[in-house]
Amino acid sequence: REISRIYAASVQGSAKGILLGVEFSPRETIKVKVEVAKDQWEEQVFEVAENARIRRDRLSASLRDLVPGDAVELELKNNKVTEIYAEKVELETEGRIVAITLSYNPAITIVDEKGQEATYKIASDARIRRDRVRISVNDLKVDDYVYLTVEGQVVVDMKVEERITKS
């Protein structure tokens, strides 16, 4: 018995979801929260092909330009991502700071008017202002009231007020 012929086909597909993160080592991969059924989400990790085409907000981009929270559409070939189309997801929110994390990746936790708690990382180039004057993350205080512009899950703009709020 010998093999006389082998037929191979490439498997193509696509996926849509919310970007959770990018890893660069040992292989370039992206983690995406994918809707697998109506209102059912699953985290999936995809390997990114070496020559993958990446676009963010219709412009050519690299993996380093992608931000957790971006809405992504992926084209797959043989289980590797060959194309990534990402769109930034921007939201505005406000609330009282209940926790501040000062680290290499600073973050704040706020409680909004409905009592919902949310934690956001702060972009290294975020614009932070108190009374129209630029301040740094180190100048923030627990109980400050903030108005945030968030891209994905990262604060890009913050207006800070001292305000008496009901706990």
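My entries follow, by topic.

**Rings.** A reminder to myself that this is a predicted model. I started by asking how many aromatic pairs the structure holds. I found one. The partners are Tyr145 and Tyr147, with ring centres 5.5 Å apart and planes at 70 degrees. Planes over 60 degrees apart count as edge-to-face, so that is what I call the pair of Tyr145 and Tyr147.

Tyr145 comes out buried, at 2% relative accessible area. Tyr147 is partly exposed, with 28%.

**Charges over rings.** I then went looking for Lys and Arg ends sitting over aromatic faces. Lys33 has its charged end over the ring of Trp41, and I noted 5.6 Å to the ring centre. I also wrote down Arg64, which lies over the face of Phe24 at 4.0 Å from the ring centre.

What is the volume of the largest pocket? I get about 470 Å³. Its lining has 14 residues, and the ones closest to the centre are Asn105, Ile122, Ala123, Ser124 and Val154. Which elements give two or more residues to that lining? Those are β9, residues 117-130, and β12, residues 154-162. The largest share is from β9, which puts in six residues.

I sorted the lining by class as well. Nine residues are nonpolar, two are polar and three are charged.

**Thr149.** I picked this residue in strand β11, which covers residues 144-151. What does Thr149 touch, leaving aside neighbours within four places in sequence? My list has Glu90, Leu91 and Glu92, then Val154, Val155, Val156 and Asp157. I spotted Val154 on that list, having already logged Val154 among the residues closest to the centre of the largest pocket.

**Lys77.** Lys77 lies in strand β5, residues 71-77. At 38% relative accessibility I have Lys77 as partly exposed. I also checked how far Lys77 is from Ala99, 22 residues away along the chain. Their C-alpha atoms are separated by 43 Å.

Conventions:
Residues numbered from 1 in each chain as written. Predicted model: local features only at pLDDT ≥ 70, side-chain atom pairs only at ≥ 80, totals over all residues. Heavy atoms only, no water. Phe/Tyr/Trp six-rings, centres within 6.5 Å; stacked < 30°, edge-to-face > 60°. Buried < 20%, exposed > 50% of the residue type's maximum accessible area, 1.4 Å probe, protein only. Lys NZ or Arg CZ within 6 Å of the ring centre and 35° of its normal. 1 Å grid on protein atoms, 1.4 Å probe; cavity = no way out; pocket = protein on both sides within 12 Å on 5 of 7 lines; lining within 4 Å. Points joined across faces, edges and corners; volume = space filled by probe spheres on them. Helix = DSSP H or I, 4+ residues; strand = E, 2+ residues; numbered from the N terminus. Nonpolar A, V, L, I, M, F, W, Y, C, P; charged D, E, K, R; others polar. Contact = heavy atoms within 4.5 Å.
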